Amino acid sequence: MDDATRQQLILAAQEARARAYATYSDFTVGAALLTAEGRFVRGCNVENRSLGLTQCAERVAVGNAVVEGYRDFQALAIASRTGVTPCGACRQVLAEFCADLPILLVQEEPVPETREVSLRLLLPDRFGTDGP
């Protein structure tokens, strides 16, 4: 991924974060997937009073991508206040579509910073038939 695409992906995640519905935790998260076709598909967290029904930004992005006909992903950016990694459920959902995936963790406070990890590193023994 070139620098311009990387910056666009980060910006797409930050824009999605601005739309998050985090009424209960005030912890907003935005995600953006880069598809093999070069499209950016966004998602944001959507909280619910019944916390178990809350939807993570990453899974919203995957769902939006599937609805739009995309199932091959090149990278993911996640923007949050502290640069969080995907939860276990989101890691497994991403693994359904990718054996490995570069993930940009965008921290916005206290100092803006982006670090890159891989899905394979975050979920080395994922559930599935293709193995790690």
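# Reading a predicted chain, feature by feature

Mentor: Let's begin with charge. The chain carries 13 positive and 17 negative side chains, and the centres of these two sets are 4 Å apart. Keep in mind that this is a predicted model.

Trainee: Fine. How many helices and strands does the chain have, and in what order do the elements run?

Mentor: There are four helices and five strands. Starting at the N terminus, read them as α-β-β-α-β-α-β-β-α.

Trainee: And the overall dimensions? What radius of gyration does the chain have, and what would a compact globule have?

Mentor: The idea is to set the value against a rule based on chain length. For 132 residues, a compact globule would come out near 14 Å, and the chain has 14 Å, so the two agree.

Trainee: What share of the residues counts as buried?

Mentor: Of the 132 residues, 43% do. As for the surface, the chain exposes about 7100 Å², with 51% of that supplied by carbon and sulfur atoms.

Trainee: What part of the contacts comes from residues 24 or more positions apart?

Mentor: Take the contacts with a separation of 6 or more: 60% of them join residues 24 or more positions apart.

Trainee: Let's get into a helix. Which residues of α2 are buried?

Mentor: General idea to begin with: an α-helix has 3.6 residues a turn, so residues three or four places apart point the same way. Now the case here: helix α2 covers residues 57-67, and its buried residues are A57, E58, V60, A61, V62 and A65.

Trainee: What covers them?

Mentor: The cover includes the strands β1 (29-35), β2 (40-44) and β3 (73-80), along with helix α3 (88-97). After α2 comes G69, which has a positive phi near 95 degrees.

Trainee: Now single residues. Is A13 buried or exposed?

Mentor: Look at relative accessibility: A13 has 0%, so it counts as buried. You'll find A13 in helix α1, residues 3-17. Leaving out residues up to four places away in sequence, A13 touches G30, A31, A32, A77, I78 and A79. There's also a C-alpha to C-alpha distance of 7.7 Å between A13 and G43, which are 30 residues apart in sequence.

Trainee: Where is S80, and what is S80 in contact with?

Mentor: S80 sits in strand β3. Its relative accessibility is 0%, so S80 counts as buried. Setting aside neighbours within four places in sequence, S80 contacts R17, F27, T28, V29, V106, Q107 and E108.

Trainee: What about L119?

Mentor: L119 belongs to helix α4, and with a relative accessible area of 1% L119 is buried. Beyond residues up to four places away, L119 touches R91, L94, A95, C98, D100, L101 and I103. From L119 to Q92, 27 residues apart in sequence, the C-alpha distance is 9.3 Å.

Trainee: And P124, in the segment after α4?

Mentor: P124 follows α4 (119-122). At 43% relative accessibility, P124 counts as partly exposed.

Trainee: Next, cysteines. How many disulfides are there?

Mentor: The test is a pair of cysteine sulfur atoms within 2.5 Å. By that rule the count is zero. For C44, the closest cysteine sulfur belongs to C56 and is 11 Å away, which is too far for a bond. C56 is in no disulfide either: its nearest cysteine sulfur, that of C90, is 3.8 Å away. C44, by the way, is buried, with a relative accessible area of 13%.

Trainee: Let's finish with backbone angles. Which residue has a positive phi although it is not a glycine?

Mentor: That's D26, with phi at about 60 degrees. D26 lies in the loop between α1 and β1, and its relative accessible area of 54% makes D26 exposed.

Trainee: Which peptide bond is cis?

Mentor: Check omega: the bond from E109 to P110 is cis, with omega near -5 degrees. P110 lies in the loop between β4 (102-107) and β5 (113-118).

Definitions and conventions:
Residues are numbered from 1 along each chain as its sequence is written. This is a predicted model: local features need pLDDT of at least 70, side-chain atom pairs count only at pLDDT 80 or more; totals for chains, interfaces and linings use all residues. Side-chain values use heavy atoms; hydrogens and water are left out. Helices (H or I, at least four residues) and strands (E, at least two) are DSSP runs, numbered from the N terminus. The radius of gyration is taken over C-alpha atoms; the globule rule is 2.2 Å times the number of residues to the power 0.38. Buried means under 20% relative accessible area, exposed over 50%, partly exposed in between (1.4 Å probe, protein chains only). Contact means heavy atoms within 4.5 Å. Accessible areas come from the Shrake-Rupley method with a 1.4 Å probe; for residues, only the protein chains shown count as cover. Lys and Arg count as positive and Asp and Glu as negative; His and the chain ends are not counted. The place of a charge is taken as NZ of Lys, CZ of Arg, CG of Asp or CD of Glu.
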